[in-house]
Amino acid sequence: MRVLLIEDDPILGESLEEYLSEQGIEVHRIQDDREVEYIYNFDQYDVIILDLMLKYSKGEDILRELRNKNINIPVLILTAKSDIKDKEKCFNLGADDYLTKPFNTKELLLRINALAKRRHIDEIIKIGDIEINLSSKIIKKKGKEIKLSKTAWELLYYLIKNRGSVVETERILNHVWGDKPVGDEIVRTYIKELRKILPKEAIKTYKGRGYKLE
C-alpha cells in the first residue's frame, strides 16, 4: 500500500511516517505543502492523509483541487478541527473519512486499510468482454492477457477515470504527455491502439472536442 501524508507538523509527521512504515505501508510525506502541486498530475497512491491547517495553503483547497482534476484517491482528513461544519464541508468536497486530533494510531491504521480495501474493490472494471485491473494494470479478454504500451495504458486509465464524460483533447495531452511538445495527432494514434482491443464503439470521438469512453 502507498500512502501520501500531507502534514506540516514535523514531529507528528515523522512519528506517523515511522509508525505506518512499521506496518508495511510505503509512506511519502509532504511537510511543505507548496510541494503538493505535482500530485495533481498523478494517481499513484492508495490513500491520501490530509491535514487541513497547513502553513501555506488550506487542506480544503487541496481536496477541492484533487476532485476538480478527477483524482479519486480516497482522502482521509486528519485535523484538530472537530466542528460539524468543518466535517460537513470536507465531505461535501469529496473527503472519504475524517479523524480528529488527538487520535489513536491503531484507529488511523484501521481507517487507512478500510479505505484502501474499498478502493481496490472498485479497481476491477469491465468494458464488454474486456476486464481491466487498474491496480495491477492487467488487461484480459476472455481470460487471455492483453499487452499495452505504457502510454496507451495511461490514456486508457485516464479515460476510465472519466468514463461517461467527454474528455477534451487538451486535457488528455496535459495528463498523459505533460510538457512534451506533442499535438492532437499523437492522441489519435493511441486512441486507434485502444480501439484495437476494446469493443466496437467503446470510445466515441467528438470532433473538435475530445473522446468519451462508454
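The legends below describe close-up views of a predicted model.

Local features are described where pLDDT is at least 70, side-chain atom pairs count only at pLDDT 80 or more, and totals for chains, interfaces and linings use all residues. Residues are numbered from 1 along each chain as its sequence is written, and side-chain values use heavy atoms, with hydrogens and water left out.

**View 1**
Thr169 lies in helix H6, which covers residues 169-177. Helices (H or I, at least four residues) and strands (E, at least two) are DSSP runs, numbered from the N terminus. Thr169 has a relative accessible area of 13% and is therefore buried; buried means under 20% relative accessible area, exposed over 50%, and partly exposed in between (1.4 Å probe, protein chains only). Leaving aside residues up to four places away in sequence, Thr169 touches Asp184, Val187, Arg209, Gly210 and Tyr211. Contact here means heavy atoms within 4.5 Å.

Side chains of opposite charge can pair when their charged atoms come close. A salt bridge is a side-chain nitrogen of Lys or Arg within 4 Å of a carboxyl oxygen of Asp or Glu, and the structure holds 14 salt bridges. One of them joins the side chains of Asp96 and Arg67, with 3.0 Å from N to O. This pair links distant parts of the chain, 29 residues apart: Asp96 is in the loop between helix H3 (84-93) and strand E5 (97-100), while Arg67 is in helix H2 (residues 59-68). Asp96 is partly exposed, at 30% relative accessible area, whereas Arg67 is buried, at 17%.

**View 1. The salt bridge of Glu185 and Arg188.**
Here the side chains of Glu185 and Arg188 form a salt bridge, with an N to O distance of 2.6 Å. Both residues belong to helix H7 (residues 184-195) and sit 3 residues apart, about one turn of the helix. Glu185 has a relative accessible area of 44%, so this residue counts as partly exposed. Arg188, at 39%, is also partly exposed.

**View 2. The salt bridge of Lys204 and Glu214.**
The closest N and O atoms of the salt bridge between Lys204 and Glu214 are 3.6 Å apart. Because Lys204 lies in strand E11 (residues 203-206) and Glu214 in the segment after strand E12 (210-213), the pair ties together parts that are 10 residues apart in sequence. Lys204 is partly exposed, with 34% relative accessibility, and Glu214 is partly exposed, with 36%.
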